[in-house]
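Open the model in your viewer and keep the selection tool ready. The tour goes stop by stop.

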Amino acid sequence: MYQYSRNDNLSALDFVRGDYLRELQLARLQKIVRHAYDHVELFRRRMDERKLTPDSVRTLGDLGKLPFMVKADLRDTYPFGLFAEPLDKIVRLHASSGTTGKPIVVAYTKADLEIWQEVMKRSMASCGLSSRDIVQVSYGYGLFTGGLGAHYGAEALGATVVPASGGNTRRQVMLIRDFGVTAVCCTPSYFLHLIEEGRKDGIDLRELPIRVGVFGAEPWTAGMRQRIEDEADIKAFDIYGLSEIIGPGVAIECSEHKGLHIFEDRFYPEIIDPDTGKVLPDGETGELVLTTLSKYAMPMIRYRTRDLTRIISEPCACGRTIRRIDRIASRSDDMFIIRGVNVFPSQIETALLSVKGTSPHYNIILYTENGMDNIEVDVEINEEIFSDKVRSLESLQAEITHAVESLIGLRVKVKLVAPQLIQRSEGKAKRVFDRRMR
Ligand code: DLL
């Protein structure tokens, strides 16, 4: 039996029975594989090398035989080499810069954009939003998919959209107050910045109508969510996506906040062992691999996201029958190895925020001393801690050091830095600085 959760106005597809969904996925998969084979040279070559044809896909399980696609494929075929439709059918391009070299370019047909809008509309509804909401979109507008993705989804829902884009932070807070904004879409790190800038102008988000945050585009921990929810008195929802697959709207939390529902009628998820490429069963953690079941301008078949998670197939109390993925705590390429120990930045954030009174503004610096790799964590302290007579800075530093060291099992140097010294982000936060000598 399907229980419709509060505030839902999702399309019927969210409630389809599992067996029908599998049939739909297979039909869409067969069609998209044929389309990619017919129009994308790189894909056809890899299929041919493996003596596979589109007819080799007879069941969903057959997907496991197909070759993977990786980010380098997009760079190697820059700019239009993976397009599967002629340019006159392509109506939008987006690009993601990455840290090095050429950007990766992604393309959409009109129908692809409609699907994107639909999954974003469902995402907004899953956060309890409706046409009565005023939604401020503070993801960057432009080549980044965040701004326009959230914009069209919120608009399709009938909400009143405030297309603020990133930056000009003080004015953003003013708009939130003056317009009575009820939801903000941005990166969690930028929302922290909004809270802080508001305070400087005597605006406390807790006293305003804002009640929902749609946060994603970067990893954030449960501890960070708690801080944000407490400091703004809102409900924070985790939204996941990536340019290569569509942008935001691949997966979203529901009111249960126990994982992100993946819109698997459009994006087929697999989890693989990142070292062997072997498909892992639901429940096991590994690298998320996604196949776009109906994106025609640039189909991605078995795209290795590098994001680490697991599939949760148990039914969700919200009533949606599509599966969930666990929050993406990290990417396989975020991990660093210090003296043989694997460390994820998210572990450091978790430890840091478990200490009462710490600020969520920090940097992780990797450096070499006497030939050994080390970690330094710079944590900003706020004015309150400065003036806290009860707890000395030394004891705070010791507490943080202990929390981080016991979680990661390595010695770390913790430095407390003065308020406002850690750079604030307007989009995706950069918190790890690798200054190791190689
Ligand atoms: O960040 C799309 C997006 C925009 C998602 C707005 C959510 C909200 P890219 O710039 O291509 O696209 O970056 C994609 O960001 O592979 C993850 O590593 C990371 N990422 C995105 N959402 C989350 C999330 C957009 N909720 C890359 N949690 C992905 C953790 C996330 N990491």
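Predicted model: local features only at pLDDT ≥ 70, side-chain atom pairs only at ≥ 80, totals over all residues.

**Stop 1**

Show distances from the ligand. A polar backbone atom of I239 sits 2.7 Å from a ligand nitrogen atom. At S243, a polar side-chain atom is 2.5 Å from an oxygen atom of the ligand. In the side chain of K428, an N or O atom is 2.8 Å from a ligand oxygen atom. The ligand alone exposes 610 Å², and the protein buries 94% of that. Colour the shell by element.

**Stop 1: S243**

Stay with S243. Find it in the loop between β7 and β8 (247-253). Is S243 buried or exposed? S243 has a relative accessible area of 10%, so it counts as buried. Leave out residues up to four places away in sequence, and S243 touches S96, V106, Y108 and T145. Next, pick the C-alpha atoms of S243 and V105. They are 8.4 Å apart, although 138 residues separate the two along the chain.

**Stop 2: the nonpolar cores**

Select the largest nonpolar core, which has 78 residues. Which of its residues touch the most other members? They are V33, L129, Y240, L290, I301 and I325. Helix α1 (residues 18-39) supplies the largest share of this core, eight residues. Then zoom in on I325. Beyond its neighbours within four places in sequence, its contacts are Y240, A251, G259, L260, I262, L288, T309, R310, I311 and I312. Look also for a second, separate core of 24 residues. Its members include L205, L208, F215 and M224.

**Stop 3: helix α7**

Select residues 188-200, which form helix α7. Why does its length agree with what a helix should span? At 1.5 Å a residue, these 13 residues should span 18 Å, and the end C-alpha atoms are 19 Å apart, which agrees. Colour α7 by accessibility. Of its 13 residues, 11 are buried, so the rest of the structure largely encloses the helix. The buried ones are P188, S189, Y190, F191, L192, H193, L194, I195, E196, E197 and G198. Show what they pack against: α6 (169-179), β5 (183-186), β6 (212-216), α8 (222-232) and β20 (372-380). Step just past α7 to G202, where phi is positive, about 75 degrees.

**Stop 4: backbone exceptions**

Most residues other than glycine have a negative phi, and most peptide bonds are trans. The remaining selections depart from that pattern.

- Select Y78 and P79. The peptide bond from Y78 to P79 is cis, with omega near -5 degrees. P79 lies in the loop between α3 (71-76) and β1 (90-96).
- Select N168, in the loop between β4 (160-162) and α6. Its phi is positive, near 55 degrees. N168 has a relative accessible area of 48%, so it is partly exposed.
- Select D233, in the loop between α8 and β7. Here too phi is positive, near 50 degrees.

Definitions and conventions: Residues numbered from 1 in each chain as written. Heavy atoms only, no water. Helix = DSSP H or I, 4+ residues; strand = E, 2+ residues; numbered from the N terminus. Expected span 1.5 Å × (residues − 1). Buried < 20%, exposed > 50% of the residue type's maximum accessible area, 1.4 Å probe, protein only. Contact = heavy atoms within 4.5 Å. Core = buried A, V, L, I, M, F, W, Y, C linked by side-chain atoms within 4.5 Å. Polar contact = N/O pair within 3.5 Å; in protein donor to acceptor, adjacent residues only side chain to side chain. Areas by Shrake-Rupley, 256 points an atom, 1.4 Å probe, with all protein chains shown as cover.
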